[in-house]
Structure formats: C-alpha cells, structure tokens
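Please open the model in your viewer and keep the sequence panel beside it. The tour below goes from one selection to the next and says what is found at each stop.

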Amino acid sequence: MGFSARALTAAIVLGLIFALFAAVFMAQFLPLEKPLHRTFWAGLSVPITWAWASLWLFSRERFSRGAWILLSVACGLLLLAIGGMQL
Amino acid sequence: MSDQKNKQRAFFQGLMRSHKQLGAALGIFIFVLCFSGTVSIFHGEIAIWESAKLSNAYGPVAGRFDDAPIDKIMQRAIADFGGEDGRDVEVFNVRQDTPGQRFLVSNTHTESDEAWHLSYWDGSTGELIAHQQMGISKIVREIHTDFYLPSPWGRYAIGVLGVIFMMMAVGGILIHRNWRRESDQLRFDQKDRHKWSDLHKLSGFWALPFHITIGFTGALLGLLGVILIMMALVAYGGDQDAAIADIFGKDPKMSHEQAPILAMQPFVTKAREDMQAGFNPQRVTAVYPGDKNMFVLVYGSYPETLGIDSFAKYRADTGEPIKFVDYIHDNVALRVYSASVPLHYATFGGPMMKFIYFALGILSCLLPATGLYLWLRRRPFDWQARVVYWGLLAVPVASAFGFAGALFVKWLPAFTSLSFAASSIWYSGAAFVLGLLFVAWQAWRGDNMQAGFVQSMALSAMLLALTAVFDIVLQASQGFSLWAPQAWGTDVVLLSMAALAFYLKQRLQLKSDVADEAVVLAG
C-alpha cells in the first residue's frame, strides 16, 4: 500500500481533535477544586492523547474517506459547541 | 481465534506501514530536529567558545546569586544600551550561566529596535567581560526551536514533530516484536542492510525512555502555551482575565512616567523569604526599569527537585507582591510541566549529564538517519531521493562549515584590529549557508548516493577536527591558564563529532570498497 499524504494529514488532524476534545472534558469536569490545576492536567494530557490517537488512526488498514470527513466534522462541531458554551 | 489472530496481524502490519510512511514523509525534519537539539545541549558552552575574550576569562567561581552585583550590572547595561536618557531599555534580565561558574549573563531588550543584547559579566565583581552576540550557537538553536520560521509557527511545527517523534518511537517498539532476540544484535560482518537495520533497532530500543521523554517534553515546550490558553478558557468558564491573573498575575502596564531605577537585589532576598523553604534564586528580570510601574520577577529552583521556573513577581515601587507561582509545591501537573524544561535541555546534573544527553542525542539522530538511509538505498537516486539526501546531510555538513567560519570570527580580532562581536552571526551564517549549498550541489550533480555520503562525512570530519585543533593551537598562543572549561569542553565535543563522522565515513566506505571489489570480480 502506497504512502497517502491525505491519510497522514487526516490521522494527525483527527488525532489532535480527539486529544483536544478529551482535554476540554478534563478541563471542565476533573474533580479538582482549582481551575488552574484542571488547566494544567488537561494541557499535559494533549500530547500523549494526540500521539496515541494519531498512531492508532494511521495504523488502520481501511478507513474510508467519508468516515474521516464525518468524524472530523462531528468532533469539530462538538468541540466548537463546548467551547461556545464556555464563552 | 483465527479472526483474532488475523486482526492482530493486521494491526501490527498497519503499525509497521505507518512507521515506515511517517518516517519517509517526516524523517528529515525529525533528523534536523534531533541533530540541532543534540548540538544545542552545549548551546551555552558553544556561545562562550565562539568568543576569544570569553574563552580566556576563566576565574574564581561566582558566589551565591543573592550576593551577585546584579544592580551594578543593570546600571551598566542600561548605560550601554538605554540611549541618552537610559529609557530605551524595556526589559533587563540577568542569570547565572551555570551555578558555580564565573559568568553572569544578561539580556537587555531595547524598545527602539526590538532587539535583545547579550552581555557577559564577572559574577564576583560585576565588571563587563564582553557584549557578545552569538553566532553558530544561535543558528543551530534557532533551527531547533523555530526552524527559522516566523514566531510562533515554527515552535508549533516543532511541537507537532515532538508528538510525531513519540508516535514513531512507540510504534517502532510495538512492531519490534522479536526484541528479546534483536535487542543485542549488531551484525557488522554480514549484509550492509543488516548493519543499518540493526543500528536503527538498537538505538530505538536502548534509548526508548530518552526518545519518549524528549518527544513529550519537546511537544509540551512547543505547544503547551497555546493549549493552556484554550484549556484555561474552558476551566475558567471563558473568563480570560481571571485565567491570566491566576496563571501569571496581573502585570502593571507601562506608565511612561519617569522614576528612579530601583534596586533588584532586595527582591532576591525577599523572594527567598516569601517562597517555600529552600527556594534558590538564579535569575532576575526587571520590566520597564526607570518607569513608575517597573516590576521585578525573581526565578529560582528548589534543591533536589527537577524544575526551574518557579517565580515571585513584585511591584518595584511599593514592594507589593503581584504573584507567586510555585511549580514544585502547588500541584503534580504544574510540577510535571516545570520538570519538562530541565528534562529537555539537560540543565540538571551538571556537565556530566550534558555529555550523557549528547550520547543519547546521537542515538536519537541515528534513528531517523539509519531509517532514511535504509529507505534511500532501496531506490534509484531520483529527485525524491535527492531531496531526502539533502535533508539528511545539509544541517550536519553546514554546521561543520559554520564552526569553521566561527573559528575565523573568533580568532581574527585577537590578532588584528577587526571586531565581530555584534556581527558574528552573519559570518558564521555565511559559512553555514555555504555548507547547505555544498550539499545541494552534491544532491543535484551526484550520481552515486553512497559516494556522496562518504564525501560529506569525510569533509565534515576534517572540518570539525581542524576547527578544534586550530582552536587549541591558537589558544596556546594566549596561554592555557585562563582557558574557560566551556571552551575546551566545546573542543572535546567538536573532536567527538569529527570522530563520529569519520567512523560513519569508514563504515560507508567499507561497503563501497566491497561493492567495487565485487564489480571487479564480476568483470
């Protein structure tokens, strides 16, 4: 199977969206009293979640273009919605 | 059960494919990052090596930072850089170069030209040793921290590469399923492919914790700023002011009302009292010196802890604290973030730790280098291969050229009336670009990739070794009694790099000789 720059970009972008999505939940719902602590825990989680999610996604044998687009849009919208609620 | 096995096999095949494809797509960027980072471990030392004046300034070690003449140094820096009325200085900071060394290093930011001015001072007397801009040390560091891209995009790109480096290191180990057999296997006497493949696996396996640590901390340093802003907006319910005030404190704005430049020394003592027991100040910054709203930050570390950036911030006129940020005693998450700085830059454990990091850094360089070399030797020397060839050799060869250029810039002022203190970066930079062009010419005109590697390694080894040897000889003309450890340490590093380049050249040449012999025999 040849190299697909699109699959690589999609895996990295989607991995980032997953990681930010998880981090937003951590920043909001971690049972810690100080928002500063939630901020740092959420921030620290991003590189690890991002690396794991991108690697997992890029290792998939089959992942149709439609699924990439659907998942990207869904995660993006969720992220925007959560961010919007906070603002 | 069979389905389970098939799924497992497909997963590992996918991992293998993604590891190879990621490596082929981004390997040269990761290599450049690893190489420049490995050299930049000695960034402070190389900066001193680059100046004949600083290289010859060994002396008694400075005492505690609390007793250092920091206000005398600030007054002198403002007099030198602040313009006629001294009001052009926006930020001034001074720090111990390395605890226990002679130098205090200051950075003065001037408003009119938006520039930082670097100066070295005697830590005991506060006398100026040199106003010295960095040359090759800055070039290599800028490549590592920003890829010379506009701020902050370069830093973000490098943060992303940190994440990808982690992905590749972990993915590589997951696909390396026969590690019990292969973890100590280095087949130098068999096929050429085995040699580089074994080296790739060994450098990945034995330095895995280092690769993950460097990737993770690099990603944090590159990206955490922007990520923290996003997370703070969520955690603080969208209240940006509350988030900034809680994380950094609310800084006074410049008032443009002139006021006497207040002393920083009392704040160093005050910070030691105000922070937790054991706080050890190592750096102090004055913002808007000479303005009514001047404020002071005292940074320091705690003994037996990994972390450096805890700080106390005060208004200079009233002495009123603005913010105390204690990364060590506040929360584990802050402590992990704080540890990422010394863990990435090897600023703990003294010079020995730097040499350990240097050795591990070379293993990090070997990972993408051997991986790409294996990829290159399987394909014709087409345009893609030529681009990868350039990407792999450009920065190491250019650095060797840059060091040679820096040697001229360093020693010419000692024997002539020339001075390069403020322009060394242009001359070292010109030599660096010459190196980039040399490899580009090789990649464009060369027919044989392997012969090109041998030629580049031979040239780099020669340049690095001659630079170190000439530096030692020229130093002998000045005498060795004042030779700073940072300067001779850099010569040791240059000689180590020359030896490594020569070793690689020999291994590569061995293959060429065998191949030539085979051709002759076949003929």
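Begin by selecting Leu224(B), which is found in helix 9 of chain B, where helices are DSSP runs of H or I with at least four residues, strands are runs of E with at least two, and both are numbered from the N terminus. This is a predicted model, in which local features need pLDDT of at least 70 and side-chain atom pairs count only at pLDDT 80 or more, while totals for chains, interfaces and linings use all residues. Residues are numbered from 1 along each chain as its sequence is written, chains are lettered from A and ligands numbered from 1 in the order in which they are written, and side-chain values use heavy atoms, with hydrogens and water left out.

Leu224(B) counts as buried because its relative accessibility is 2%; buried means under 20% relative accessible area, exposed over 50% and partly exposed in between, with a 1.4 Å probe and protein chains only. Leaving aside neighbours within four places in sequence, Leu224(B) is in contact (heavy atoms within 4.5 Å) with Gly43(A), Leu44(A), Ala219(B) and Tyr337(B).

Next, show helix 9 (residues 208–235) together with helix 13 (residues 350–377), both of chain B, which pack at an angle of about 85° with their axes 10 Å apart; axes are lines fitted to C-alpha atoms, for helices over the stretch in contact, and angles run from 0 to 180 degrees between N-to-C directions. On the helix 9 side, Phe210(B), His211(B) and Ile214(B) meet residues of helix 13 of chain B, among them Tyr357(B), Leu360(B) and Leu367(B).

Now move to helix 17 (residues 485–522) of chain B and select Thr490(B), which is found there. With a relative accessibility of 3%, Thr490(B) counts as buried, and it touches Glu45(B), Ile46(B) and Trp49(B), not counting residues up to four places away in sequence.

Finally, colour chain A, which has three helices and zero strands and follows the pattern α-α-α along its sequence. Of the 87 residues in chain A, 41% are buried.
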